[in-house]
Amino acid sequence: MTATQGLTIEQRDSTGNRGTALVTGGSRGIGAASAVALAADGWDVGLSYRTEADQAARVVAACEKLGRKAYAVQADVAEPADIECLFDEVTAHLGPLRALINNAGVISPAGRVAEYDAARLERLLRINVTGAFLVAGAAVRRMSTASGGEGGVIVNVSSRAAVLGSAGEYVDYAASKAAVDALTIGLANEVAKEGIRVVGVRPGLIETDIHEPGRLDRLGSTPPLGRPGTADEVAEAIAFLASDRASYMTGTTLDVSGGR
Ligand code: NAP
């Protein structure tokens, strides 16, 4: 097999199944929409949630209605032991992992950098950076052809904040997503010869529960397209990046931000 062939994700099998994809933070928002978009695209879907078991069950049911297998696991990405259990449970129920959507993430209350304390920064970085790195590493250990895996793809969910900086609101969040962008580039180069592509999306202002009340009303018309995006619009980009339609893309991050 040549190096180029090693980067190619296998086509669907005879049942139309692309394999198993895992979405962290798949109970709500962009993660939930991605789980359903992946199921519609032929993936069996594992998803994690932190507290919202009922929402996760609804997403599982939506994936199953599309004819795919789905399974939800409670797992906090800030807890390394949870991450290992998550991967083990999902692969035990759905089979070998071929795609990870590294999506779980949080923001903190809006504020200026001069107001941040260490506890705020440690919480945010533990979930958005340490969590994202550990989740990506767990996926590589299972998918790498160098350790007996079948290869696959990692889609990291970043944010346009990584480029814009989020002054006066969430500079810590923006910095955490800049770290995710660096993870995408560096890890892509590390594992390109091991059958794994690593790509990212940078959503702009998207209608989900992550925003403080009133924020979407205040900023929603500021993107050049004149409106906030939907979770489904980000999920479409994620499903594309996870598929073999994006087989020559690695180490790159796609903006899904209405031009902002
Ligand atoms: P959301 O609606 O608040 O959903 C967050 C999801 O992550 C939920 O499924 C939640 O689980 C899960 N989660 C939160 N903390 C977790 C933890 N410690 N461990 C495991 N799971 C955890 O957020 P969203 O807007 O869909 O955001 C998803 C991703 O997109 C995040 O990485 C975010 O930074 C990024 N993003 C969002 C926007 C936007 O405008 N919405 C823009 C750019 C980037 P529970 O349901 O159990 O709480």
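A: Happy to. On a 1 Å grid over the protein atoms alone, a pocket is an open set of points with protein on both sides within 12 Å along at least five of seven lines, tested with a 1.4 Å probe, and its lining residues have an atom within 4 Å of a point. Rolling a probe the size of a water molecule over the atoms shows where empty space is left. What you see is a predicted model, in which local features need pLDDT of at least 70 and side-chain atom pairs count only at pLDDT 80 or more, while totals for chains, interfaces and linings use all residues. Residues are numbered from 1 along each chain as its sequence is written, and side-chain values use heavy atoms, with hydrogens and water left out.

The largest pocket has a volume of about 980 Å³, a volume being the space filled by probe spheres set on grid points that are joined across faces, edges and corners. Its lining has 44 residues, and those nearest the centre are Gly105, Val106, Ile107, Thr208 and Ile210. Two or more lining residues come from each of H2, strand S2 (43-49), helix H5 (118-143), helix H6 (161-164), H7 and H8. Here helices (H or I, at least four residues) and strands (E, at least two) are DSSP runs, numbered from the N terminus. By class, the lining holds 18 nonpolar, 14 polar and 12 charged residues; Ala, Val, Leu, Ile, Met, Phe, Trp, Tyr, Cys and Pro count as nonpolar, Asp, Glu, Lys and Arg as charged, and the others, Gly among them, as polar.

Now to H7. Ala175 sits in this helix, which covers residues 171-191, and is partly exposed at 45% relative accessibility; the terms are buried for under 20%, exposed for over 50% and partly exposed in between (1.4 Å probe, protein chains only). The C-alpha atom of Ala175 is 8.9 Å from that of Val163, 12 residues away along the chain.

A salt bridge means a side-chain nitrogen of Lys or Arg within 4 Å of a carboxyl oxygen of Asp or Glu. Asp181 is buried at 11%, and Arg202 is buried too, at 14%.

Arg202 also meets Asp255 in a salt bridge, 2.7 Å from N to O. Asp255 is in strand S7 (residues 253-256), so this contact with strand S6 joins parts 53 residues apart in sequence. Asp255 itself is partly exposed, at 38%.

Another salt bridge pairs Asp209 with Arg28 at 3.5 Å between the closest N and O atoms. Asp209 is in the loop between strand S6 (196-203) and helix H8 (215-219), and Arg28 in the loop between strand S1 (19-23) and helix H2 (29-40), 181 residues apart. Asp209 is exposed at 60%, whereas Arg28 is partly exposed at 36%. Arg18, Asp41, Asp244 and Arg245 form a salt-bridge network, and the count of salt bridges comes to 17.

Last, the cysteines: there are 0 disulfides, a disulfide being a pair of cysteine sulfur atoms within 2.5 Å. Cys63 is buried at 0% relative accessibility, while Cys85 is partly exposed at 44%.
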